[in-house]
Number of protein chains: 2
Amino acid sequence: MQKGKASIAFEHPPFIRAAASIAGKKEGEGPLGALFDIVEQDDMLGQKNWEAAESALQKKAAELAIQKAGLTPADIRYLFAGDLLGQLIATSYGLMELEVPLFGLYGACSTMGEAISLAAMTVEAGHGDRCLALASSHFATAEKQFRFPLGYGNQRAYAATWTTTGSGAVVIESSAIEQNAGCPLAKISGITTGKVVDFGLKDSTNMGAAMAPAAFHTILQHFQDFERDEKAYDKIITGDLGTIGQTILLDLLAKKGYELYGTHMDCGIQLFDSETQDTHAGGSGCGCSAITLCSYILPKLQDGTWKRVLFVPTGALHSTVSYNEGQSVPGIAHAVVLEHVGKG
Amino acid sequence: MQKGKASIAFEHPPFIRAAASIAGKKEGEGPLGALFDIVEQDDMLGQKNWEAAESALQKKAAELAIQKAGLTPADIRYLFAGDLLGQLIATSYGLMELEVPLFGLYGACSTMGEAISLAAMTVEAGHGDRCLALASSHFATAEKQFRFPLGYGNQRAYAATWTTTGSGAVVIESSAIEQNAGCPLAKISGITTGKVVDFGLKDSTNMGAAMAPAAFHTILQHFQDFERDEKAYDKIITGDLGTIGQTILLDLLAKKGYELYGTHMDCGIQLFDSETQDTHAGGSGCGCSAITLCSYILPKLQDGTWKRVLFVPTGALHSTVSYNEGQSVPGIAHAVVLEHVGKG
């Protein structure tokens with residue numbers, strides 16, 4: 001059911017049946033390290049180059065999520081997936097062997113929100129019984145794509161974030177076929193889809209500041225569309241704003257009368273210990289929100305610690321070309337409402 | 001309704017209410033030149049760089065399609081859009097001012113098929129009454145992204161295609177809200193979604209050959225899923241295989257017993273006169289199938305010249321990084337069934 005300007009409230013909320021998180025070594029040494037399904041000790045994953053390593057992350061995450069759901073790739077109707085690289089090469093090469101129809105997505109670091117939204121819309125409509133939503137990023141592919149060769153040992157700005165090496169995948173299943181299986185991780189009761197928001201920031205080393213207005217817009221739109229406020233949520237969780245973006249978001253919302261200081265959480269802040277891990281403003285990348293969702297957020301929804309959270313991955317929509325041409329860095333954020341499923 | 005392994009037959013087929021095609025100067029001088037809504041005489045579109053020019057193409061196509069449907073941007077629930085550039089910058093910057101929720105897509109030159117598929121799925125499910133599907137490409141941004149600086153005057157391989165400068169956009173509308181308006185351009189009765197297909201070709205200047213196996217796979221899957229063959233269609237129209245890819249596709253299908261020599265058409269072959277326009281194997285780019293659809297295919301469906309066509313945009317899923325790393329060029333193709341709507 002369409003709600004307000006940019007939201008859907010699902011009449012038959014799809015379930016998240018299973019989730020898998022594959023993380024890099026540094027992520028494994030962070031606060032969430034013990035929660036990941038697999039922590040890779042070799043960031044090359046035995047591959048010949050970084051891009052192939054990122055493809056391997058996606059493949060592992062997809063296969064493990066499908067396996068944890070007790071399924072095979074042939075049971076999955078569609079893949080909704082993306083990454084940060086030009087022409088989505090981590091996704092195309094990584095998911096090829098699954099031989100499942102693919103919708104390639106680009107929403108920068110908001111991609112996991114976009115993928116879950118479209119997969120949930122598809123499943124709820126009966127267009128597929130089970131879909132897989134996934135996203136990945138890799139520190140080394142992202143540095144190569146967006147910044148400097150690793151060998152330069154370039155100094156990073158304090159406002160910069162650290163691109164996550166990891167991939168998270170969720171199996172989204174129709175509520176109509178749920179009865180025979182165990183308790184799902186969560187249900188997806190609604191979504192609010194973001195538009196491109198540009199406040200004119202041009203500093204691509206401060207993506208938190210560039211993305212905060214997009215998160216602000218999507219959260220505000222969500223409150224309006226659902227006629228809710230922050231009190232309706234145990235947590236409102238952005239993707240990778242980091243410490244600087246978080247401050248901006250909370251200030252922007254406070255000016256509209258929403259007090260999120262106790263409710264807000266940011267995956268980028270959770271994922272690393274910036275004091276000891278030198279990650280500056282926090283973690284980022286499509287993989288940041290994806291592996292935090294799969295390892296930390298969904299288990300808390302499954303066990304009822306949290307009854308309802310708003311998951312809002314955030315993306316910065318620039319490229320090196322747009323940056324070199326002096327363009328600003330617009331942002332986008334896609335929100336997903338995730339709820340605890342009672343044992344019934 | 002799910003059909004077979006990879007298809008949907010829509011129980012309430014959405015309508016294509018309006019379409020717009022914005023083409024570059026060279027496209028305007030080709031065989032379809034008189035059919036485009038707008039032929040730009042300045043391939044910079046008055047912008048400061050090629051990327052901004054491509055963004056302007058998308059914005060113009062979107063605004064014109066919405067206007068032709070008698071709507072305003074606020075009437076559009078979602079945008080489904082993409083382009084060929086790293087991090088989709090033509091799309092993000094081009095569509096920002098519409099202020100409509102955006103699902104960014106990457107399917108290389110198959111993007112128009114992906115966008116129409118997802119928009120139709122969304123509209124049929126009741127998740128939105130009207131959505132806009134669009135895609136763009138620009139010769140100069142693509143050459144810069146994938147090949148050589150234009151100033152090099154690099155010689156192009158005979159197997160190479162010419163990236164289309166253009167953007168096509170369609171307004172897709174729920175059949176439930178059709179009654180009050182005039183006759184739509186076509187209805188979307190089904191889709192078949194492609195998987196990534198890799199035959200191991202490594203020559204990125206011969207994308208027709210790289211994409212032909214993907215088109216073959218999707219068309220074959222479509223025939224199986226719908227229990228149809230080529231005789232069910234007035235035309236089966238691929239995106240941008242060009243002359244070399246066409247030969248491969250027809251040969252592959254003939255080996256499976258399907259005779260498409262009279263039924264097949266390729267947008268890339270239609271768009272340019274390769275004899276006089278020096279375009280070698282044909283046109284390519286997301287814009288190729290998009291503007292051919294909007295200017296040439298949809299009018300023939302509206303007036304009943306064709307009763308049913310299978311529209312199959314095709315994409316090559318490589319990047320310069322994957323090419324430089326010695327990877328093959330996988331392909332993907334997304335099929336959409338378009339049908340004439342009787343006056344009723």
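A residue counts as buried when its relative accessible area is under 20%. With that in hand, welcome to a predicted model in which 19 of the 20 residues of helix α6(A) are buried, so the helix is largely enclosed by the rest of the structure. Chain B can be laid on chain A by a turn of 180° with a shift of 0.0 Å along the axis, giving an RMSD of 0.0 Å. That is the relation of a two-fold axis. Below is a friendly tour, topic by topic.

**How the two chains meet**

- The copies meet through the same surface, because 100% of the interface residues of chain B are also interface residues in chain A.
- One link between the chains is a salt bridge from K195(B) to E99(A), with the closest N and O atoms 2.4 Å apart.
- K195(B) sits in the loop between β10 (186–192) and α6 (207–226) of chain B, while E99(A) sits in the loop between α3 (89–95) and β6 (102–104) of chain A, so this pair joins two chains.

**Other salt bridges**

- Side chains of opposite charge can pair when their charged atoms come close.
- Over all chains, the count comes to 28 salt bridges.
- Within chain A, R147(A) pairs with E143(A), and their closest N and O atoms are 2.8 Å apart.
- Of these two, R147(A) is partly exposed, with 26% relative accessibility, and E143(A) is buried, with a relative accessible area of 8%.
- Within chain B, K231(B) forms a salt bridge with E230(B), the closest N and O atoms being 4.0 Å apart.
- Here K231(B) is exposed, at 67% relative accessibility, while E230(B) is buried, at 8% relative accessible area.

**The nonpolar core**

- In soluble globular proteins, nonpolar side chains tend to be buried together.
- The largest nonpolar core in this model has 180 residues, and those with the most contacts inside it are V170(A), I297(A), V170(B) and I297(B).
- Setting aside residues up to four places away in sequence, V170(B) touches a list of residues from several parts of the numbering, among them I16(B), A18(B), M112(B), I116(B), C131(B), L293(B) and L298(B).

**Helices worth a look**

- Helix α6 of chain A covers residues 207–226, and at 1.5 Å a residue its 20 residues should span 28 Å; the end C-alpha atoms are 28 Å apart, which agrees.
- Just after α6(A), E227(A) takes a positive phi of about 50°.
- Helix α4 of chain B (residues 111–124) has 14 residues and reaches 20 Å from its first C-alpha to its last, close to the 20 Å expected.
- α4(B) is mostly covered, with 14 of its 14 residues buried.
- Just after α4(B), G126(B) takes a positive phi of about 80°.

**A closer look at one serine**

- S55(A) belongs to helix α2 (residues 50–68) of chain A.
- S55(A) has a relative accessible area of 8%, so this serine is buried.
- Apart from its neighbours within four places in sequence, S55(A) is in contact with I89(A), A90(A), Y93(A) and G94(A).

How values were computed: Residues are numbered from 1 along each chain as its sequence is written. Chains are lettered from A and ligands numbered from 1 in the order in which they are written. This is a predicted model: local features need pLDDT of at least 70, side-chain atom pairs count only at pLDDT 80 or more; totals for chains, interfaces and linings use all residues. Side-chain values use heavy atoms; hydrogens and water are left out. A nonpolar core is a set of buried Ala, Val, Leu, Ile, Met, Phe, Trp, Tyr and Cys residues joined through side-chain atoms within 4.5 Å. Buried means under 20% relative accessible area, exposed over 50%, partly exposed in between (1.4 Å probe, protein chains only). Contact means heavy atoms within 4.5 Å. Helices (H or I, at least four residues) and strands (E, at least two) are DSSP runs, numbered from the N terminus. The expected span of a helix is 1.5 Å times one less than its number of residues. Copies are superposed by least squares on the C-alpha atoms of residues with pLDDT of at least 70 in both. A salt bridge is a side-chain nitrogen of Lys or Arg within 4 Å of a carboxyl oxygen of Asp or Glu.
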